[in-house]
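Student: Hi! I've just opened this one and would like a quick tour. Where do we begin?
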Amino acid sequence: MDELEAIRERKLKELMNEAEWPTAPIKTTDANFLDVVNKYDVVVIDCWAPWCKPCRAMGPIIDELVETLKGKVAFGKLDTDQNQRTAMRFEIESIPTLLVYKSGKLVNRLIGLRPKEEIIAYLRPLIDKN
């Protein structure tokens with residue numbers, strides 16, 4: 001295989017991998033929580049509730065991050081009212097809470113409404129380690 005063919009093959013794999021990334025936050029539930037956090041290397045789960053104003057303000061930020069970090073970070077949304085077992089398991093007492101996973105392990109949680117740039121700055125070291 002010549003160098004050009006190797007480059008073509010690598011690019012094709014990258015494009016195919018990118019196509020597998022979600023284009024919107026993944027609806028995360030008690031039932032699929034582990035599947036979501038284990039499917040991608042870096043995952044952020046937005047724990048929220050429909051009645052929470054800061055959570056609703058975080059929604060568009062998460063939507064932007066899905067697009068900005070596609071192929072590097074996957075995002076999920078967990079409605080804590082509908083998925084109380086998971087919310088209790090992780091002792092979520094304040095929302096919005098972002099649960100940050102690396103290689104299937106919880107590495108941190110960000111509590112409260114955060115600006116997009118702050119979330120990206122926090123995630124950058126996790127992404128750059130890939």
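Tutor: Let's begin with a word we'll need: contact means heavy atoms within 4.5 Å. Keep in mind too that this is a predicted model.

Student: At what angle do α3 and α5 pack?
Tutor: The angle is about 45°, and their axes are 10 Å apart. That makes α3 oblique to α5, because angles under 35 degrees count as roughly parallel and 65 to 115 as roughly perpendicular.

Student: And is the crossing left-handed or right-handed?
Tutor: Right-handed, as α3 passes α5.

Student: New topic, the sheet. What's the order of the strands?
Tutor: The order is β1-β3-β2-β4-β5, in an open sheet of five strands with mixed pairing.

Student: Which strands stand at the edges?
Tutor: Those are β1 (26-28) and β5 (105-111). Each has a single partner strand, so one side of each is left without a neighbour in the sheet. From one strand to the next, the twist averages 25°.

Student: How do β2 and β4 pair?
Tutor: In the antiparallel sense, over six bridges, with β4 covering residues 97-102. Within β4, threonine 97 stands opposite cysteine 47.

Student: One more thing: where is proline 50 found?
Tutor: Proline 50 is in the loop between β2 (42-48) and α3 (53-68).

Student: Why is proline 50 called partly exposed?
Tutor: Because the relative accessible area of proline 50 is 39%, and buried means under 20% while exposed means over 50%.

Student: What does proline 50 touch?
Tutor: Leaving out residues up to four places away in sequence, proline 50 touches Arg56, Asp79 and Asp81. Proline 50 and threonine 80 are 30 residues apart in sequence, and in space they are 9.1 Å apart, C-alpha to C-alpha.

Key: Residues numbered from 1 in each chain as written. Predicted model: local features only at pLDDT ≥ 70, side-chain atom pairs only at ≥ 80, totals over all residues. Heavy atoms only, no water. Helix = DSSP H or I, 4+ residues; strand = E, 2+ residues; numbered from the N terminus. Buried < 20%, exposed > 50% of the residue type's maximum accessible area, 1.4 Å probe, protein only. Pairing = 2+ DSSP bridges. Axes fitted to C-alpha atoms, helices over the stretch in contact; angles between N-to-C directions. Parallel < 35°, antiparallel > 145°, perpendicular 65-115°, else oblique. Left-handed = near helix turned anticlockwise from the far one by under 90°.
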